[in-house]
Amino acid sequence: MSSHLFALVDVNNFYVSCERVFAPKLENVPMVVLSNNDGCTVARSAEVKALGVKMGTPWFQIKDLAKTHGVLAYSSNYTLYGDMSNRVVEVLRQFTPNLEVYSIDESFLQIDAVMKHYTDPTHLGLTVKNRVKDWTGLPVCVGIAPTKTLAKFANHLAKKHPQWQGVCDLSTMTKQDLHQWMTEVSVDEVWGVGQKIAKRLQLMGIKTVFDLLQISPQVMRLQFGVVMERLCYELRGVSCLKLEEVSPPKQQIIASRSFGKLVTSFNELSESVATHIARAAEKLRLQNSVTGAITVFIQTNGFMRGEPQYAQSIVVPLPDPTDDSLELTAAAMSGLSKIFRGGFRYKKAGVVLNLLSDKPVVQQSLFEDMEAKGQSAELMKTIDEINTRFGSNLIKSAAMGTKQAWVMRSDNRSPSYTTNWNQLPIAY
DNA sequence: TCTGGGGTCCTAGGACCC
DNA sequence: TCTGGGGTCCTAGGACCC
């Protein structure tokens, strides 16, 4: 098996750092960046994190604390952040073309092929970090490991332990040291473990990353599903998640906003929906795409207990796929009129453009068809693997549709196992 | 004894991410 | 009083067809 080496490069406190590049006097000043309507904190400086302010905390809840500690608050400027993000990626591309832009402030680099230019992975990491700082003014941390999930973990360690100067390489670490670090980090820090799963893990007595490492991936598969199974393999150093160099085409475009004030009338809602359609349609044309159906949704403020709640959405199919604002607006209005109810105070409205997939329309399902299309080898392998893992002839046949692959159990309870075709674990 | 069974598409909802 | 916006993937189950 070929072994990989991934580096995750992540800008520290991205939005805050962007603001600081253009206003150096903000360096070391406690500050936050706020979301739309100045509702939530979406970025916190290190000083504010140290005060215990969590990501996403509503601004009104920390206003007093902010006053006491002289915390400055900035409204967000996404144009600026997008521009800075591009600059960082340009610098990273100097190191390798094998790069995945994972989010506005994070990129994965596959670095095995370029390691020969460096004394060790840490050397590469430090070089990356320093060059990004020199060329963009932004501070980054680098996590290096044989899988993406472990690289995430390494990045987390790099951020928490300044003595490493922002670079943490797990690939050359001894097993004992790695396990020691894993016992010191809570399992909810793992990439892919959110609130709900963390809670269930807690109940099972799994508290640290190391605890999770002790459970076999097959067992976790039965309890939690295929995503968790992959995660467990990744923690063990078995790479299941590939580098996604070319970002797949979007499946949907969303435009939505909360209202500054609650609104009650159809007219107010229709005005905002029209605005959202205009923004979404612009994005749509920008990527030369068309939509075959749009979703319109409206909702009241779920935080207001005791207030009558209403949330509804509707899918409006379009007779012909289009990117035309007028047609889309007309469709959206007809949808809105169907879901609008008077007597409620609305907080949010939005639209979703459902993009047409360029995947083949249905491939008739049976296995022989796949054989003809030359897709059976991989499928057979997968079936074998599943049968081996579950210790019996669980799988009878398999098929593939537009979005999913599924397999039939030999006991005819079907479909027992469906999964996104491209997302099957690729290594064991 | 067992009320048809297999195949496909679609939607809703849950979970996660930044 | 005041609680973001934009995405992805996976699964279960209903509708429908023959």
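## Strand β1

From strand β1, Phe6, Leu8 and Asp10 point one way while Ala7, Val9 and Val11 point the other way, and all are buried, where buried means under 20% relative accessible area, exposed means over 50% and partly exposed lies in between (1.4 Å probe, protein chains only). Because six of the six residues of β1 (residues 6-11) are buried, this strand is largely enclosed by the rest of the structure. Helices (H or I, at least four residues) and strands (E, at least two) are DSSP runs, numbered from the N terminus.

This is a predicted model, in which local features need pLDDT of at least 70 and side-chain atom pairs count only at pLDDT 80 or more, while totals for chains, interfaces and linings use all residues. Residues are numbered from 1 along each chain as its sequence is written, and side-chain values use heavy atoms, with hydrogens and water left out.

## Partners of β1

Two strands pair if DSSP finds at least two bridges between them. Strand β7 (residues 140-145) runs antiparallel to β1 and is joined to it by six bridges, with Ala145 of β7 as the bridge partner of Phe6. Strand β6 (residues 106-110) also pairs with β1 in the antiparallel sense, over five bridges, and here Phe6 stands opposite Gln110.

## Val128 in helix α5

Val128, which lies in helix α5 (residues 121-136), counts as buried because its relative accessibility is 1%. Leaving aside residues up to four places away in sequence, Val128 touches Val9, Leu92, Phe95 and Val142, a contact being heavy atoms within 4.5 Å.

## Confidence

Chain A averages a pLDDT of 86, pLDDT being the predictor's confidence in each residue, from 0 to 100. Over residues 358-376 the pLDDT is below 50.

Key:
Chains are lettered from A and ligands numbered from 1 in the order in which they are written.
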